[in-house]
Amino acid sequence: MREKQFRKKNLALAKETQATARQSAEEKLRGSASKSVKLTVRQAGLVEKGRNASNSREVKVGLDALNQATLFDDAQPAGERIEALQETYLSMSTNKEFKERLIRLIGNAKQPLELRTEALDCFIAATFGSRSSASWRPQFLETLRSVAQSSEDPLAEKALEVLAQERDPWALETLQAGLRTPAAAKVSQIQAIQHLNSVDHNDHYDVLRKLATKNRSHKVRVEAIRGLAADPNAKDLLLQILKGSKEPPAVRQAALLSLRIADRDAYGSEASRILNDASEPDLLRATSMATQRYDPDGVGEDYSSKVQQISEGSDSDTLRKAAQYYLPKKE
Amino acid sequence: MNVPANTEGLAGTTPEPTVAGAIANASVEGLLLLLDERHPVYEGRSENAVHRIRGWILNHVVVSDERFLPFIREELETGTHAYSVAAAARALRSQQVNGGAWRPLLESALVRVKDDSIQFHAYPLEVVKGDTSAKAELRRILEEAPRQAGVIQISSVRSYRESSPILDLVLEDQEGSQAPFHEIFLGRPSFVTFFYTRCNNPAKCSANIMRWAELGQRLAEHLEEVNLAAITYDPLFDTPDRLKRYAEQREAPLGNRIRLFRAPDQQIDLERHFALQVGYGQATVNRHASEAHVLSAEGVIVKSYSRVPWTIDEVIAELLAEQ
């Protein structure tokens with residue numbers, strides 16, 4: 001009975017939302033009569049039909065036509081063009097011609113930056129899941145590369161990041177070059193490392209090792225150490241950082257977490273040692289507790305008794321709470 | 001490796017423009033040697049660099065020579081990288097083959113490839129405006145290929161019996177149990193294939209192990225009479241727990257006679273024994289061939305599948321014939 005009532009209420013809400021949306025669309029269509037949006041003959045026909053529509057579908061088609069025209073009309077204010085884009089991009093996501101026009105807009109440095117940025121975001125959202133096999137992919141990648149290469153285009157950095165997310169070889173190698181030669185960097189070190197770390201098959205591990213050991217920024221070191229999780233050959237370096245008592249706790253924590261992936265055996269013995277050593281920082285001991293607690297092979301007796309001990313007797317409030325949280329529950 | 005003069009000295013540290021120049025002037029023999037994943041030119045390079053180099057090599061295949069066909073076939077069958085797949089399609093046009101037989105491969109490549117704007121007049125290290133795309137190249141050759149079906153004539157399946165010494169190394173399985181090679185493989189015929197868990201081409205290792213798992217299911221009643229083994233190219237990263245998870249996710253009926261392995265200490269010996277066609281970047285494999293072998297009950301390699309897919313029925317027939 002409750003489910004039936006819930007469904008009835010849900011349906012009523014959906015109908016109300018649809019009615020509101022239709023009303024809003026009709027108002028916009030009527031209001032457009034006084035605006036000077038450049039419409040093609042076809043678009044004008046659809047908009048007129050939408051104004052006098054007898055059903056929601058005609059209203060929607062008319063609104064889409066109006067929004068498309070507004071979006072690509074250079075004479076319209078950027079804010080209205082963005083609003084038009086946001087209203088229409090999802091319904092146009094299967095329209096090849098619309099996508100190709102949107103790509104050209106993204107690549108046009110003469111268009112307002114905020115519009116191009118929004119267009120790129122909307123394009124990515126609308127094409128999620130279809131980008132790798134789409135027919136417009138070559139045009140999309142080429143446009144982004146052209147934007148990313150331009151030193152004067154304010155969209156260059158974002159274009160480079162999108163390309164890196166697409167695993168574009170040129171983009172990944174550009175990021176890598178920026179890590180090796182900071183003067184040539186187009187994005188921050190942290191951003192570059194994060195993008196490069198998403199692909200195991202890059203060849204940036206030598207530069208990660210340098211950054212992991214020698215960088216003024218702890219945050220950069222942490223990102224570099226994270227990347228080394230994918231390189232089992234980095235085991236000795238990770239151990240060295242982890243055992244370095246003068247290293248910041250956050251850096252040592254990153255080394256412990258990466259060691260867990262790069263070399264389980266080395267991680268296992270270190271995690272136990274750290275848990276048992278009261279002189280180790282709370283952050284490290286709590287991390288050791290957490291990673292051991294959720295080990296796929298389960299926890300041993302030693303772990304349970306040690307964590308129990310900490311939960312009852314530690315001087316640190318933080319550590320006691322962590323121990324109470326991570327203590328395996330007795331069944 | 002006997003390297004022809006104009007490709008001599010090419011190594012993983014050779015700048016790519018230099019490699020490209022050597023490729024442009026290479027002989028047929030030189031190009032063939034460079035297509036081998038073990039060539040020093042690939043050592044330590046990223047996967048993207050390897051694709052560029054191999055694509056450039058295929059772009060310079062202009063002479064019809066059947067020895068190129070396994071490489072072309074493999075790229076069309078499993079490749080996803082726009083540049084190397086397009087180059088393979090272009091290379092195919094220079095070969096004297098029955099185009100109709102290659103249609104299914106070309107059509108599957110058309111679906112699989114991650115298209116991109118490309119060009120072939122300059123080595124693609126810098127960004128140059130493209131004048132074609134991978135799909136355009138594939139469609140072009142499809143338009144030229146006759147529609148009548150045929151069979152691809154390539155001999156990449158090598159059959160041989162040699163009295164090779166039994167491999168002296170220890171393997172570790174997905175449970176962490178270690179045993180010497182002879183203990184695992186002697187006494188019953190075996191099928192051995194190779195893979196690694198970080199392979200990012202779903203048409204290669206993942207598909208291979210799924211097929212291997214299905215082979216195991218089909219042989220369920222005969223599993224005491226044969227061995228099925230899958231050995232990783234990446235022993236440092238592919239620890240037993242990772243091997244186990246990988247196999248379970250692909251529904252492999254793991255047991256005493258169907259196991260995944262790594263060679264914890266002697267990977268080089270393993271590669272040498274099976275002549276594994278694999279190259280390594282800084283952290284993991286940068287490129288590998290599709291390969292599998294049938295071993296006799298004496299542990300001798302009697303059949304090798306190199307750059308061709310093995311079929312379940314074929315392997316079952318081979319294993320039963322070896323009993």
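**Close-up views of a predicted model**

**View 1. Arg221(A) and Glu247(A) are joined through their side chains by a polar contact of 2.7 Å.** A polar contact is a pair of N or O atoms within 3.5 Å, where within protein one must be able to donate a hydrogen and the other to accept it, and residues adjacent in sequence count only if both atoms are side-chain atoms. This is a predicted model in which local features need pLDDT of at least 70 and side-chain atom pairs count only at pLDDT 80 or more, while totals for chains, interfaces and linings use all residues. Residues are numbered from 1 along each chain as its sequence is written, chains are lettered from A in the order in which they are written, and side-chain values use heavy atoms, with hydrogens and water left out.

**View 2. Arg221(A) lies in helix α12 (residues 218-227) of chain A.** Helices are DSSP runs (H or I, at least four residues), numbered from the N terminus. Arg221(A) counts as buried because its relative accessibility is 6%, the limit being under 20% relative accessible area with a 1.4 Å probe and protein chains only. Beyond four places in sequence, Arg221(A) touches residues including Leu211(A), Ala212(A), Ile241(A) and Val251(A), contact meaning heavy atoms within 4.5 Å.

**View 3. Helix α11 (residues 205-213) of chain A has the buried residues Tyr205(A), Val207(A), Leu208(A), Leu211(A) and Ala212(A).** Seen down the axis of α11(A), these buried residues fall within an arc of 150°, so they line one face of the helix; the arc is that of the directions from the helix axis to the C-beta atoms. Their cover includes α9 (169-180), α10 (189-197), α12 and α13 (235-243) of chain A.

How values were computed:
Helices (H or I, at least four residues) and strands (E, at least two) are DSSP runs, numbered from the N terminus. Buried means under 20% relative accessible area, exposed over 50%, partly exposed in between (1.4 Å probe, protein chains only).
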